[in-house]
Amino acid sequence: MGEIFVEKLVCSKCFREYSPSSNALMCVNKDRGRLDIVYDYSKIMESLTKKKLRSREIRGVWRYWELLPVRREYAVSLGEGDTPLIKAGRLAEKLGMKRLYLKDETRNPTSSFKDRAMTVGVSKAVEIKAEIVVTASSGNAAAALAAYSARSGLKCVAFVPEDVAAGKVSQLLLYGAKVFRVRQVEEGVDPTVQLMILSHERFNWYTCPSFGPFNPYQVEGPKTILYEIVEQLGWKPPDFIFVPTGSGCLITGLWKACMDLKKIGLINEYPRLVLVQPTGNMPLVDALKRGLSFSEIRPTPYPRSVASGLLDPYPWDGDLALDGVRKTGGTGVAVSDEEIMDAVKMLAGFEGIFAEPSGAAGLAALVKLLNEGVVSPSDESVVLVTGSGLKEPEKIMRLHPETPLIEPSLDEVLNWL
């Protein structure tokens, strides 16, 4: 049997502790605190070393199994993780930078970083013998959950916004999920989350969204992005990592990974985490600018942006997201729809990476901070490209509304030349 190195789970609000064997999903006090997983780092240090990693054949998320909360024999995998860290030479030249890298998460099985979360979340569901999994999602996390559910034989129910992108809902349907589109009727309240919680309370379905308070296991998957980046850079963290942010789950995972690696002695310093949100939904950026605590944050009444994956009305993992930015010396940046779509074009035109708007927000923030002098051209920067443009082709087509229809002749082509 595979070993796990989990000591306990602790509620981030009331600090109630749970044993690993409890398989807890949420705090019984219903305070909406995330159950943070505490590892036995002294044992992990003996098993997870640079030398042992060099000889380890397994790649991807489960390469770092000591820092995951599921026994390896229950792992449900589609080959997620091990995504390339691309040195962006042409884009760096355009921006006047020396060291720019793109972590291309579009290469994951369902074309977004959410696969990292769902391989762990679904593996835990298999371990505890769940039968039905349920999620609340803008699309990518639901698609990932549906894929891993199909892989493991679980039934999947997805509550998604009424305007969910066609590319995402088509994935859900083909993976066999039962999909419910939900209309928002109350400002600042996410009805998909309400229904997910209600289904858990009434039917005991296994909740697995990509944010912390309703499942403590899935947030451990995105940690592996940072593990990979640091290993790919020869165990030296970059100066900056740009992180598109909605609920805060991704940047929370990266901050957890920073603490993991420092506690086991694989890094000595943190990269500066840059939290990126669209101007139409920026409660965490606003909190960073104004010095607010997490408890002082208020949800955006009706979030709006071309970056639909970043429109969570409430930043469920905002507490650790803010903590990570502040303790790494990072910052928060809000970018407009125009800046995001410019970044979509730059990623494709200079580096051949096809990103959805949410996936390109990190590059938009980098451009902004370069212009403001916050980031130096000599800084080593990593931009996370979190999802594929194939998820939302209708938005990408707006960039090129007129595609010529021609007769089978080269005359008009010659005119274009």
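This is a predicted model: local features need pLDDT of at least 70, side-chain atom pairs count only at pLDDT 80 or more; totals for chains, interfaces and linings use all residues.
Rings of Phe, Tyr and Trp, the last by its six-membered ring, count as a pair if their centres lie within 6.5 Å. With that in hand, here is a cluster: Phe211, Phe214, Phe294, Tyr314 and Trp316 form one aromatic cluster.

Staying with rings, how many aromatic pairs does a search of the whole structure find? It finds twelve. One of them is tryptophan 255 with tyrosine 270, an edge-to-face pair at 5.1 Å centre to centre, with 80° between the planes. Tryptophan 255 belongs to helix 9, residues 249-263, and tyrosine 270 to the loop between helix 9 and strand 11, so the pair ties together parts that are 15 residues apart in sequence. Are the two partners buried or exposed? Tryptophan 255 has a relative accessible area of 2%, which makes this residue buried. Tyrosine 270 has 26% and is partly exposed.

The charged end of arginine 72 sits over the ring of tryptophan 65, 3.7 Å from the ring centre. The charged end of lysine 124 sits over the ring of tyrosine 217, at 5.0 Å from the centre.

Four strands form an open sheet, in the order 8-7-6-9, with parallel pairing. At the edges are strand 8, residues 178-182, and strand 9, residues 206-207, each pairing on one side only. Strands 7 and 8 are joined in the parallel sense over five bridges. To find this on the screen, look for valine 157, which stands opposite lysine 178 in strand 8.

Last, helix 5. This helix runs over residues 140-152, which is 13 residues. From first C-alpha to last, helix 5 reaches 19 Å, close to the 18 Å expected at 1.5 Å a residue. Helix 5 is mostly covered, with ten of the 13 residues buried. Among those buried are Asn140, Leu145, Tyr148 and Ser149, along with several alanines, including Ala141 and Ala147.

What do the buried residues of helix 5 pack against? They pack against helix 4 (114-127), strand 6 (132-136), strand 7 (155-161) and helix 6 (166-174). After helix 5 comes glycine 153, whose phi is positive, near 85°.

Notes. Residues are numbered from 1 along each chain as its sequence is written. Side-chain values use heavy atoms; hydrogens and water are left out. Helices (H or I, at least four residues) and strands (E, at least two) are DSSP runs, numbered from the N terminus. The expected span of a helix is 1.5 Å times one less than its number of residues. Buried means under 20% relative accessible area, exposed over 50%, partly exposed in between (1.4 Å probe, protein chains only). Contact means heavy atoms within 4.5 Å. Two strands pair if DSSP finds at least two bridges between them. Rings of Phe, Tyr and Trp (its six-membered ring) pair if their centres lie within 6.5 Å; planes under 30 degrees apart count as stacked, over 60 as edge-to-face and the rest as tilted. A charge sits over a ring if NZ of Lys or CZ of Arg is within 6 Å of the ring centre and within 35 degrees of the ring normal.
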